[in-house]
Amino acid sequence: MMVMPEASASASSGASASSAGETAVPGSAFLTAAAGALPSRTVAVLEAIKHAILTGELKPGRPLVETDLADVLGVSKTPVREALKTLAGAGLVTMSQYKGATVRVVDDEQARHVYDARLLIEPEALARAVAAGHQWQVAHAALARADSARDQAERSLANRDFHRALYAGCGNPLLVRMLDDLRDQTALVTVAAWRHEPSRQHRTPSWEHEAAEHQAILRAAENGDSSCAAALLRAHITSFVERNLAATPRTPRTPSSMPSTSTS
């Protein structure tokens, strides 16, 4: 089973403990609010499993066997069990009395609901952050990481951090937590357009197109134009939905057809 060890997963995400005995760094983009009340060992396990899900290492529909995960991560089953419960609460894992835990499989209708919620909330959160005079160094750093990423998973994680940097300064912790959960669920429903589009002739690769949109959003935010920044973000999300979800049939995706990483 390919699951990143605790220290490795933490280093890759840049946001959590380097070993099971250390406490995760506050403000991690990959921790739900519930993780704050968990023991540090459970938080580290949660980070490792969550990172593997968000990067597609553990694909939708994949069984999450407590014993196997505990062996790979070098811990007992107790922190694994608690981590899976927390991930189930965040919508990334499905718990069944008979089948146990599995990585959640999301159908197209649920995918549209996730993006619909983001369209309602994320542009408003960005507008509030701009109006509050939020600083954008973290957003710039995320774009730089995305631009220099070595692979799709690394680029996807950097872009997740970019979007979080847009809404993190909105001044409403509840909005931030809601958007964090929506970003996590986005990882389960986004079509892997970047992986396939570069081979298509006469088309700009999807990740390059989205990078240009990200730059435009950030410029508007830095200029203090909250309305423009919000409108550009709304168009950015809408464009991705229209390209990847609007024409797809409303049937559940199988694990083999689900994306391995997320972008917008």
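First, the conventions. Residues are numbered from 1 along each chain as its sequence is written, and side-chain values use heavy atoms, with hydrogens and water left out. As the model is predicted, local features need pLDDT of at least 70 and side-chain atom pairs count only at pLDDT 80 or more, while totals for chains, interfaces and linings use all residues.

Let me begin with the overall architecture. The chain contains 11 helices and 2 strands; here helices (H or I, at least four residues) and strands (E, at least two) are DSSP runs, numbered from the N terminus. Read from the N terminus, the order of elements is α-α-α-α-β-β-α-α-α-α-α-α-α. Of the 264 residues in the chain, 51% are buried, where buried means under 20% relative accessible area, exposed over 50%, and partly exposed in between, with a 1.4 Å probe and protein chains only. The accessible surface, from the Shrake-Rupley method with a 1.4 Å probe, comes to about 11,800 Å², and carbon and sulfur atoms account for 53% of that surface. A contact means heavy atoms within 4.5 Å. Among contacts between residues at least 6 apart in sequence, 71% join residues at least 24 apart.

I turn next to confidence. The predictor's confidence in each residue, pLDDT, runs from 0 to 100; its mean over the chain is 77, and 71% of the residues reach 70 or more.

Now to helix α5. This helix, residues 108-131, has 24 residues and reaches 35 Å from its first C-alpha to its last, close to the 34 Å expected at 1.5 Å a residue; the expected span is 1.5 Å times one less than the number of residues. Where does the kink in α5 lie? A kink of about 30 degrees is found at Leu-119, shortly before the proline Pro-123; the bend is the angle between axes fitted to the seven residues ending at a residue and the seven starting there. After α5 comes Gly-133, with a positive phi near 75 degrees.

Helix α7 has 16 residues and spans 23 Å between its first and last C-alpha, close to the 22 Å expected. Because 14 of its 16 residues are buried, α7 is largely enclosed by the rest of the structure. His-163 belongs to α7, residues 152-167, and is buried, at 0% relative accessibility. Its side chain makes a polar contact of 3.5 Å with that of Arg-118. Such a contact is a pair of N or O atoms within 3.5 Å; within protein, one must be able to donate a hydrogen and the other to accept it, and residues adjacent in sequence count only if both atoms are side-chain atoms.

Leaving aside residues up to four places away in sequence, His-140 touches Leu-218 and Glu-222. His-140 and Gln-215 are 75 residues apart in sequence, with 8.9 Å between their C-alpha atoms. Ala-144 is also found in α6 and is partly exposed, with a relative accessible area of 44%.
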